[in-house]
Amino acid sequence: GRRKKRPVRVYMDGCFDMMHYGHCNALRQAHALGDELVVGVVSDAEITANKGPPVTPINERLIMVGAVKWVDEVIPDAPYAITEEFMNRLFNEYNIDYIIHGDDPCLLPDGTDAYALAKKAGRYKQIKRTEGVSSTDIVGRMLLCVRERSSGDHHTHSSLQRQFSHGHGPIDDGGSPRGGTRISHFLPTSRRIVQFSNGKSPDPNARIIYIDGAFDLFHAGSNRGAHRPIMNLHERSLSVLACRYVDEVIIGAPKEISKDMITTFNISLVVHGTIAENMDYIKEKSNPYAVPMDMGIFQIIESPLDITTSTIIRRIVANHEAY
Ligand code: CTP
C-alpha cells in the first residue's frame, strides 16, 4: 500500500513588531516552502536585549501573527537566535524540517549570524525580503506625521530615528527637500494582490458581513483612523487581505454605505466596533451608516482591544522618552 506522506513543516521566526504586509509576505512565502508553517514570535525580553524595546507588546504581536492566513501554529516565546538547544526542540518537539528567514542579514549584537547553526545543519531556506517596507520606515512616516502637527521637534525626531534604526540604515523620510512628505516606496502590482487574495467568489447562500475602516497600521484592535493615513491604500489593502477572517476587500470603499452597494455586494449585515478614532458619526447629520441602520442591518460589535493608530504613535514617543 501507499503510505501517506508526512507534511513538510517549516519554521519562521521574527519580532513582527508593528506588523506590516512585508511580514505577511514573508509568512506567505515561508508557507509555500512546506505544508505547515510554525511561527516563532520573539519575546519582549529577547527583543529588548538584542535590538531595543518593541513598540507592540507580545500579547498584541501574537494576535497579529495568529491572524495571518498562512500561519498554522505559533510558538509564543521564541528566542532571538536559533541556539543548539532551541534547534533540537524545533526538530524533535515540533517536527520542523526547515528554518526560514528573509534574505537580509540577521546579525546578533556580537556580529554573528543568528541562523549560523541552522545553515550548518543544512536545514535553512531563504525567502525574498519585501522591498519598500519596514518597521523603521513606518516609524519614519509616523514621525513625519507627528512633526507636521507639533511644529517640528528636530531633537525628538533625530533621536527617535537613532533608536529605531536597528542596524537597518537611517529612516527614509521620502527624500523630499523638507523631509515633509510620506512617500511609500512600495510598488503595488496586480500579481501581489492575487497572491494575497483567495480568489474565490462567495457561495450564493453566503451571509455577507461588511466592515469598513481605514485600517491604517493594521493592528490588533484595528479600526478607522481619523488622521491622514500613514500607509497608502494598496498597503492597507494587502494588510487586510492577509487576515484570515477576511474574504474580500473593496479597495477604496466609500465613506457612506449606499443602498446600491448593499445590493451589489449582497450585504446581510454591516458592523462597526465600539472603539474607533472617531465615534462622532452617530451624531453627524451625514451618518455614513444611515442606510443600513434604517434597513435594520447595522450592528455594533465590542472591539476586543482599545488601541487605535494614535495609541501606537503615542507608544513610540513614550518609548523614546523613557530611553
Ligand atoms: N521581512 C521581510 N520583508 C520585510 C520585513 C521583514 O521579508 N520588509 C521578514 C524578515 O526577513 C523575517 C520576518 O519577516 O524573516 C520577520 O521579521 P522581523 O524579525 O520582524 O523583521 P525585521 O527585519 O526586523 O523587520 P522590520 O525591519 O520591518 O521590523
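This is a predicted model: local features need pLDDT of at least 70, side-chain atom pairs count only at pLDDT 80 or more; totals for chains, interfaces and linings use all residues.
Good morning. In this chain, 76% of the contacts with a separation of 6 or more are between residues 24 or more positions apart; two residues are in contact if their C-beta atoms, placed from the backbone, lie within 7 Å. Residues are numbered from 1 along each chain as its sequence is written.

Let me begin with the overall picture. The chain has 12 helices and 8 strands. These are DSSP runs numbered from the N terminus, with helices (H or I) of at least four residues and strands (E) of at least two. Of the 323 residues in the chain, 31% are buried. A residue counts as buried if 20 or more other C-beta atoms lie within 10 Å of its own, as exposed if 12 or fewer do, and as partly exposed in between, with C-beta atoms placed from the backbone.

I turn to the nonpolar core, meaning a set of buried Ala, Val, Leu, Ile, Met, Phe, Trp, Tyr and Cys residues joined through C-beta atoms within 7 Å. The largest one has 53 residues, and those with the most contacts inside it are Tyr11, Met12, Leu27, Leu37, Val39 and Ile99. At least two residues of this core come from each of E1, H1, strand E2 (36-42), helix H3 (58-66), E4, H6, H9 and helix H12 (309-321). In soluble globular proteins, nonpolar side chains tend to be buried together. Leaving aside neighbours within four places in sequence, Leu37 is in contact with Val10, Met12, Leu27, Ala30, His31, Trp70, Val71 and Asp72.

Next, the ligand. It is surrounded by 18 residues, the closest being Gly14, Gly22, Ala26, Gly102 and Ser135; a residue is near a molecule if its C-beta atom, placed from the backbone, lies within 6 Å of it. Two or more residues of this shell come from each of strand E1 (9-14), H1, strand E4 (98-102) and helix H6 (135-149). H1 gives the most, with 3 residues. Domain 1 (9-127) and domain 2 (135-183) each provide at least three residues of the shell, the bounds coming from an automatic or database domain assignment.

Which residues of helix H9 are buried? They are Glu235, Arg236, Ser237, Leu238, Ser239, Val240 and Leu241. Because 7 of the 9 residues of helix H9 (residues 233-241) are buried, the helix is largely enclosed by the rest of the structure. Helix H1 (21-32) and helix H8 (190-196) are included in what covers those buried residues.

Within helix H9 we find Ser237. Ser237 has 22 C-beta neighbours inside 10 Å and therefore counts as buried. Leaving aside neighbours within four places in sequence, Ser237 is in contact with Val249 and Ile251.

Finally, Phe186 lies in the loop between helix H7 (154-165) and H8. Is Phe186 buried or exposed? Phe186 is buried, because 20 other C-beta atoms lie within 10 Å. Apart from neighbours within four places in sequence, the contacts of Phe186 are Gly132, Val133, His234 and Glu235. One of these, Glu235, is also among the buried residues of H9. Thank you.
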